[in-house]
Amino acid sequence: MVGTGRETLGGMTEKPGNDVAHLPLIGGHISLDFANTASSRTPGGKVERVHRFEDLLVWSERAGTATPAEVAALRAAARVDPTGAHRVLARALKFREALYRIFSATAAGQECQRPDLDTLNAVLQDALAHRALATTGVVTGWTWVHERSDLTRLLWPIALAAADLLTGSEVDRVKECGNSPCSWLFLDRSRNRSRRWCEMRDCGNRVKVRAFAARRRRGA
Ligand SMILES: [Zn+2]
């Protein structure tokens, strides 16, 4: 989109960086940043930034969930198997929306829906089946064991990270932006847990401007 980068979409001013190559990674956790590759989740207003398998590759390299060499290998594999790439893209979007609903419910203190947990668990089990210890004589950490052409590999680190967050001590710091319907998620690591917006200069300012205008209308 050519223009100011802050066009109005779906009743909400679009965020700067309207593509995965420039989208701010403000979630404080890769599973939340992945959920944030869509926003403004309202009927007819949802803003989608993952349109092609290539977008998954670009996001994964930026987020650090795949190395440049891995991304190059998967890009080549996707060219050989465009049908497979399209299938993984569809699975990624379904997985991402399940993640969004799980963390949105968590932030609101509500129960997660069973189908969403099933979707996360399916990717998680896939990921764990490809986990192994990396060794050079001594154990040096975790690694992935898989065919270099396995395109679903892009989802595995996100699923593991999501599981870690959901079962860890920071789960009660997961929040959803207070500027409805932004729908971005973030980890509130502020000392007094007072963070309300995905980005103060973005959603926070918009809410303040709206509140100021409302006060003016009331004559306050
Ligand atoms: Zn926001």
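In the predicted model described here, the zinc ion has four protein donors, C177 (SG), C182 (SG), C198 (SG) and C203 (SG), which lie 2.3 to 2.4 Å from the metal. Donors are N, O and S atoms within 2.8 Å of the metal (3.2 Å for Na, K and Ca), and because water is not among the atoms, sites may look incomplete. Residues are numbered from 1 along each chain as its sequence is written, and side-chain values use heavy atoms, with hydrogens and water left out. As this is a predicted model, local features need pLDDT of at least 70 and side-chain atom pairs count only at pLDDT 80 or more, while totals for chains, interfaces and linings use all residues.

The geometry of the zinc site can be read from its angles. The four donor atoms subtend angles of 103 to 116° around the zinc ion, so the arrangement is tetrahedral; for four donors, that label requires all angles to lie between 85 and 135 degrees. Along the chain, the donors follow the spacing C-x4-C-x15-C-x4-C. C182 lies in the loop between strand 7 (174–176) and strand 8, and C203 lies in helix 7, so this pair ties together parts that are 21 residues apart in sequence. Helices (H or I, at least four residues) and strands (E, at least two) are DSSP runs, numbered from the N terminus. Both C182 and C203 are buried, where buried means under 20% relative accessible area, exposed means over 50%, and partly exposed lies in between (1.4 Å probe, protein chains only).

A cis peptide bond, with omega at about 5°, joins S180 and P181, and P181 lies in the loop between strand 7 and strand 8. Most residues other than glycine have a negative phi, and most peptide bonds are trans. Two residues with a positive phi can be picked out as well. R193, although not a glycine, has a positive phi of about 55°; R193 sits in the loop between strand 8 and helix 7 and is partly exposed, with a relative accessible area of 36%. S40 is not a glycine either, yet has a positive phi of about 50°. S40 is found in the loop between strand 3 (38–39) and strand 4 (47–48), and counts as buried at 0% relative accessibility.

With 1.5 Å a residue, the 19 residues of helix 7 (residues 200–218) should span 27 Å, and the end C-alpha atoms are 25 Å apart, which agrees. The expected span is 1.5 Å times one less than the number of residues in the helix. The buried residues of helix 7 are D202, C203, G204, R206 and V207. After helix 7 comes G219, with a positive phi near 80°.

Attention now turns to the nonpolar interior. A nonpolar core is a set of buried Ala, Val, Leu, Ile, Met, Phe, Trp, Tyr and Cys residues joined through side-chain atoms within 4.5 Å. The largest such core has 41 residues, of which F34, F53, L56, F95, L99, F103 and L151 touch the most other members. Two or more residues each come from helix 1 (30–35), helix 2 (53–63), helix 3 (68–80), helix 4 (82–107), helix 5 (114–128), helix 6 (156–167) and strand 8 (185–187). Helix 4 gives the most to this core, with nine residues. Apart from this core lies another, of ten residues, among them C182, W184, C198 and V207.

Leaving out residues up to four places away in sequence, L151 touches F53, L74, A77, A78, D81, G84, A85 and V88, where contact means heavy atoms within 4.5 Å. R96 lies in helix 4 and counts as buried, at 1% relative accessibility. By comparison, R79 in helix 3 is exposed, with a relative accessible area of 64%. E61, in helix 2, is partly exposed at 35% relative accessibility, and E61 is in contact with A66, P68 and V71, leaving aside neighbours within four places in sequence.

Notes. Tetrahedral: all angles 85-135°; square planar, octahedral: opposite > 155°, others 65-115°.
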